[in-house]
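Student: I've got a structure open and I'd like to learn how to read it. Could you walk me through a few features?

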Amino acid sequence: MTAASDQAAGVVRRGLVLSAIGLLGLAGVYLLALGYTPVEARQGLAQKIFYLHVPAAWAALLSFSLVGIASALYLWLKDDRLDRFAAASAEVGVAFSAVMLTTGPIWAKPIWGTWWTWDARLTLTLFVFFLFIGYLGLRAAVHDPAERARFSAVVGILGMLLVPFIHLSVYLFRTLHPQPIVLKPSEPSLPPEMLTTLLVSTLVFTVLYLGFVTTRYGLALADEAREEARYAV
Amino acid sequence: MPFETPQNGEYLVAAYVITAVILVGYCVALWRRAKKSVSGNRKA
């Protein structure tokens, strides 16, 4: 093994350890949500989906925002690490979006009476999910590393531009989706047990994001090290 | 008007199971890719 592949293996190992810590934290969130938080009187047990849906949305939008920032910086600095990070963050963002887009309808059905409605927030969220699946498809289709990085950086920046619209869509358009109860100008409107569980869950999803991205980044490094070793022979 | 708290625990169970499946599944997929990648680098 070369020094580069040793370094990649170290990054992957750190990422997997962080991911395992995140998954243990997720088990803790399940216990907190089911045993510590009260049952909301009007929505019943289905309200507890909130403790997964909102942090998943946070992690997904964080991922996509960082893809855009890393992509813009890549176009400016041409540093391969930024492209590698953007690719890792996009893939992880798609995984968190899958959680957001499945838990949302499961929560909506008993509360709104429908699995899905084509309102602004839901539609934009679905679009951004498809856009980043397209981003990953583009990366798989273009083989020249410099071209792949440049093309996907443009798509990554366009995807990031949708993120503020998703956050503000509940203010800009008439929608069934509730308005923010934590990230808003006034104080969070939640009982302390619910707020604590939500904040713990958000922290756990952030740790999971860091673990997944570090692992995925390390895997990209390992692939590059293998390619380099093959051409060196 | 008084109201009854709805009995909808099955939706909670479905959401919690699906979240665990997606996140644990993705972590396992990364771990398997890592195992394959390390063995590939050893061969190289």
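Student: Let's start with B:Val38. Which helix does B:Val38 lie in?

Tutor: This is a predicted model, so keep that in mind throughout. B:Val38 lies in helix H1 of chain B, which covers residues 9-43. Chain B has one helix and zero strands.

Student: Is B:Val38 buried, partly exposed or exposed?

Tutor: You look at relative accessibility: under 20% is buried, over 50% is exposed, and in between is partly exposed. B:Val38 comes out at 26%, so it counts as partly exposed. For chain B as a whole, 34% of its 44 residues are buried.

Student: Next, helix packing. How do I describe that?

Tutor: Two packed helices are described by the angle between their axes and the distance between the axes. Take H3 (residues 80-112) and H4 (residues 120-141) of chain A: their axes come within 9 Å and cross at roughly 150°. Angles over 145 degrees count as roughly antiparallel, and H3(A) and H4(A) are therefore roughly antiparallel to each other. The crossing of H3(A) past H4(A) is left-handed.

Student: Which salt bridge has A:Arg139 as a partner?

Tutor: A:Arg139 pairs with A:Asp83, and their closest N and O atoms are 2.9 Å apart. A:Arg139 is in H4 of chain A and A:Asp83 is in H3 of chain A, so the pair ties together parts that are 56 residues apart in sequence. Both A:Arg139 and A:Asp83 are buried.

Student: How many salt bridges are there over all chains?

Tutor: Six. One of them joins A:Glu91 and A:Arg216, at 2.8 Å from N to O. This pair links distant parts of the chain, with A:Glu91 in helix H3 and A:Arg216 in helix H6 of chain A, 125 residues apart.

Student: Which residues are linked with A:Glu91 in a network of salt bridges?

Tutor: A:Arg216 and B:Arg33. A:Glu91 meets B:Arg33 with the closest N and O atoms 3.2 Å apart. A:Glu91 lies in H3 of chain A and B:Arg33 in H1 of chain B, so that pair joins two chains. At 14% relative accessibility A:Glu91 counts as buried, while B:Arg33, at 34%, counts as partly exposed.

Note on methods. Residues are numbered from 1 along each chain as its sequence is written. Chains are lettered from A and ligands numbered from 1 in the order in which they are written. This is a predicted model: local features need pLDDT of at least 70, side-chain atom pairs count only at pLDDT 80 or more; totals for chains, interfaces and linings use all residues. Side-chain values use heavy atoms; hydrogens and water are left out. Helices (H or I, at least four residues) and strands (E, at least two) are DSSP runs, numbered from the N terminus. Buried means under 20% relative accessible area, exposed over 50%, partly exposed in between (1.4 Å probe, protein chains only). Axes are lines fitted to C-alpha atoms, for helices over the stretch in contact, and angles run from 0 to 180 degrees between N-to-C directions. Angles under 35 degrees count as roughly parallel, over 145 as roughly antiparallel, 65 to 115 as roughly perpendicular and the rest as oblique. A crossing is left-handed if the near helix is turned anticlockwise from the far one by less than a right angle, and right-handed if clockwise. A salt bridge is a side-chain nitrogen of Lys or Arg within 4 Å of a carboxyl oxygen of Asp or Glu.
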